[in-house]
Every structure is written in structure tokens, then in C-alpha cells.
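Subject: Model handover

Hi,

Here is the model you asked for. Please open it alongside these notes.

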Amino acid sequence: MDEVVVVPQNHVDAEEDGEDGEEDAPEAAGTGAKKKKKKKPKKKAAKTEQQSEPPRVGLSKIFPDGNYPEGELEDYRDDNAWRTTSEEMRYNERMIMQDPEQTYNNIRKAAEVHRQVRQYARKVIKPGMSMIDIADTIENGTRALVEENGLESGVGFPTGLSRNHCAAHYSPNGGDTQILQQGDVMKVDFGVHVKGRILDSAFTLTFDHTYDKLLEAVRAATNTGVREAGIDARLGEIAGAIQETMESYEVEINGKLIPVKAIENLSGHSINPYQIHGGKSVCLVKNNDQTKMEEGEYFAIETFGSTGRGRVVESGEVSHYAKMVDAPRIPLRLTTAKSLLKSINKNFGTLPFCRRYLDRVGESKYLLALNHLVAQGIVQDYPPLCDAPGSMTAQFEHTLLLRPTRKEVLSRGDDY
Ligand code: 57R
Ligand code: CO
């Protein structure tokens, strides 16, 4: 059993400030006998628990009042600036906060889980670790801190650990023996959901400074996308701003300057309850998509930079799957496919899953049945997406919410 260490979290307990707030009542005038005022027992503020290491303390223990930290707030600009002080918009938000299904505390809890799990992951992930151990480290933290409970709360989608020229959708399958190398550039893309509200955020890990400029370019491009996002913002224009920032960088590799390219066939995306891709794509290269962002929408703003072609192709063994939201209801002759679909509906619904999660819920020898469900168009498979071998790709991603009064960058942390 790995030794649990208590880690002080940086939130201030009212208790410690020593101020009990009660001024001592002035002396009762002229009575001489100083009536010893019975000191009211100090009201013990609910002692909030500390996070452990590895992180295993459910966040409802650390935020007992159910109020989770707000993300980074940004006022809307130009012809949406009125929203910041609008009484009506503030009223709408108060109504949303009162509805357990809609309350922002669901996505804010998911965001705080993501911050605490990634803080630990960034500390312990080291070359020499297996891909499976890295995935388990992240998923075991997420399940404990979000207090996993069936389809009510849990892991949001498969933990992406795509390395080097592979940019997205790689996660280890059972039996994967791959080991993290010193020179690897690994995209850690993991999700947390509460009541189907999925927090999708990602960062890139390296263990030497060769590709620091590439990471800097992608971090800046993602921040440009976050800044340009807003109610009535047009997806094509945001893409143009992202590309401009990304492609203003170059990386020096063995004395040669290589331009950073925005990957043209990857994108950020809107997010709906229990649906990781909500149908709107925020691409990374200029295009004339006039589609607008709208009030109340959740968006994953993610950018991918590459020293290669700037275009990915499907390559390698599939690990990522998701049941189609509008899956056709067709009779399945293959009984193994019928029972596998039952298990998928029970354990994941339309939330993305990977083969390790099927292993975990007790499924075995399911590949034939799974490929049958893919062939029938009931389940979508998502092969790893890779640029040219030898090239390097990086990613940074935030989830933001277009609240009626202002934009909230939910997954912002002190790391990225
Ligand atoms: O965010 C099955 C998943 N997503 C997990 C995440 O962009 C996603 O292909 C989907 O598990 C399924 C992309 N864009 C084209 C539509 C142009 C990729 C990039 C990254 C990622 C992982 C993504 C993408 N598409 N959907 C979310
Ligand atoms: Co995403």
C-alpha cells in the first residue's frame, strides 16, 4: 500500500487567522466587581481536510460547503461589454447556481480535480515509467478526488499520452509495454466529469529543453484562442488569430531553424453534457467558418503545434472509442456485440472510453464484438493521430464557459 503523505493545500482556514471577531465587551461601568464575562466557546469552523499524496481525498471533504473555486474570469469586450454589470445577466446566473443540474459548481469541482491531479502528475511522471503506470496514476487520482459514482461523476475520457510525432488519441491498451523516454515530448490530455459536465484540459511534458520553443509557441497560441473566444466570436477568426501566434515561432534543432506549424486537421471543440465533441470545431488555421460562439456554451480551446508537415494521419492501434450520440438502433445478430453494447451503455453511455476501461469493468475477449459495433456505426473508433515520424508535436488545452456576465477559463491554474 503506497504511503500516504498529507500535503498542505494553499487555501486559508478562517480559523487560523486568530481573529475570533468578537471584541471584548467594555468594562461594566462603576460596578467595581469586574463581572467576569463568560467567554462564549469559540465556534469551530468546519476543519477542511488536506489533500494527500498520492491524492486520494475526495474534494467534497476539502470543500464541505460544495462551493468550488471559480476559474479565471475575463470580461467580454466590445458589444458584449454590457454583460459584466447587467442585472438581468447576474439574475440568470443566480438561477443557474440554484439548479443542481446546471450549477457551475459541477464543472468547477471537475476543474479543481484536474488541477490537483495534474499537480501531482507533473511531480511524479519521470522517464522510465511505463505508459500504463502513468495512466493509472492519473486515473486513480481522478476517480478518488471526483468521488467517482457511476455516470454521475468520474473520468471524462481516456487519458491521452500521445508522444513525439503523435499528437492525439493514444492511450495504452492492456499489455502495452512502452516506457517513457528522456527525449520524449508527451501530451497529457485527461478529462474529469461531474453530472456529464466534462472538463477537458491538456499540457505537454518534456524532460530536456530541446523543444522549449515549441512548447512556448503552443502555450501562447492556446492563450490567444482563449483570449479571442467570446459570445458572438466567429470560429474562423479565432482560428486565424491562433495560427498567427503559433506560426510567429520557430525552433532551433541542431543549429537549424524549423518553423512551428499549426496542425491544420486538429481542432478545439464545443462540449455538451456527456458529449466530448459538441459539434462546433475551433480549427487552428485561418478559415471562413462564420459559425458564432453562443452564451452558455462550453468550449475546449486546444492548439497543436508541429515541427513536421502540420497535418496528422491515423496511425497505430486504436484505444479510444465512444458510442455515437445518435447511434442507429439496429438489431444486433452477434450476441457478444449485444452484451458488450449493454455494458457500454451501463458504464459509459456516450462518454468516451478505452479498452483498459472495458478490462476494468470485467469485459474480456471483446475485440470482435467491439469492431462489430464500430462497423455497424454504433460506436466510433478514434485511432491515434500522428504527424510525420521524426517531427515533434505539442499541445495545451483549456475548457472555458461563456457565462451570461463574463467568460470563465475553468481549468486555468498556476501551471498553465
Ligand atoms: O480533443 C474517444 C475522445 N476531440 C477524446 C477526446 O481534433 C475527443 O480531430 C474526442 O475519445 C474523442 C480533431 N478535429 C477534427 C474534427 C478536425 C481532435 C484533437 C484533440 C481532441 C482529442 C479531439 C479531437 N476531436 N475531438 C475530443
Ligand atoms: Co479536447
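An oxygen atom of ligand 1 sits 3.3 Å from an N or O atom in the side chain of H269. Another contact runs to E302: an oxygen atom of ligand 1 is 2.6 Å from a side-chain N or O atom there. At S267, a nitrogen atom of ligand 1 is 2.9 Å from an N or O atom of the side chain. The protein covers 84% of the 570 Å² of accessible area that ligand 1 has on its own (Shrake-Rupley method, 1.4 Å probe; for residues, only the protein chains shown count as cover).

Before you go on, note that this is a predicted model: local features need pLDDT of at least 70, side-chain atom pairs count only at pLDDT 80 or more, and totals for chains, interfaces and linings use all residues. Residues are numbered from 1 along each chain as its sequence is written, chains are lettered from A and ligands numbered from 1 in the order written, and side-chain values use heavy atoms, with hydrogens and water left out.

Ligand 1 has 13 residues around it (a heavy atom within 4 Å). H169, S267, E302, P352 and Y382 come nearest.

Now the metal. Which residues are the protein donors of the cobalt ion (ligand 2)? They are D200 (OD), H269 (NE2), E302 (OE) and E397 (OE), 2.1 to 2.3 Å from the ion. Donors are N, O and S atoms within 2.8 Å of the metal (3.2 Å for Na, K and Ca); water is not among the atoms, so sites may look incomplete. Along the chain, the donors follow the spacing D-x68-H-x32-E-x94-E. H269 lies in strand 11 (residues 267-271) and E302 in strand 13 (residues 298-306), so the pair ties together parts 33 residues apart in sequence. Strands (E, at least two residues) are DSSP runs, numbered from the N terminus. H269 is buried, at 6% relative accessible area. E302 is buried too, also at 6%. Buried means under 20% relative accessible area (1.4 Å probe, protein chains only).

Two other spots. T159 is in strand 4 (residues 153-163). T159 counts as buried, at 1% relative accessibility. Its side chain makes a polar contact of 2.7 Å with the side chain of E139 (a pair of N or O atoms within 3.5 Å; within protein, one must be able to donate a hydrogen and the other to accept it, and residues adjacent in sequence count only if both atoms are side-chain atoms).

V318 is in the loop between strand 14 (313-314) and strand 15. V318 is buried, at 14%. V318 and C354 are 36 residues apart in sequence and 8.6 Å apart in space, C-alpha to C-alpha.

Best wishes

Note on methods: Helix = DSSP H or I, 4+ residues; strand = E, 2+ residues; numbered from the N terminus. Buried < 20%, exposed > 50% of the residue type's maximum accessible area, 1.4 Å probe, protein only.
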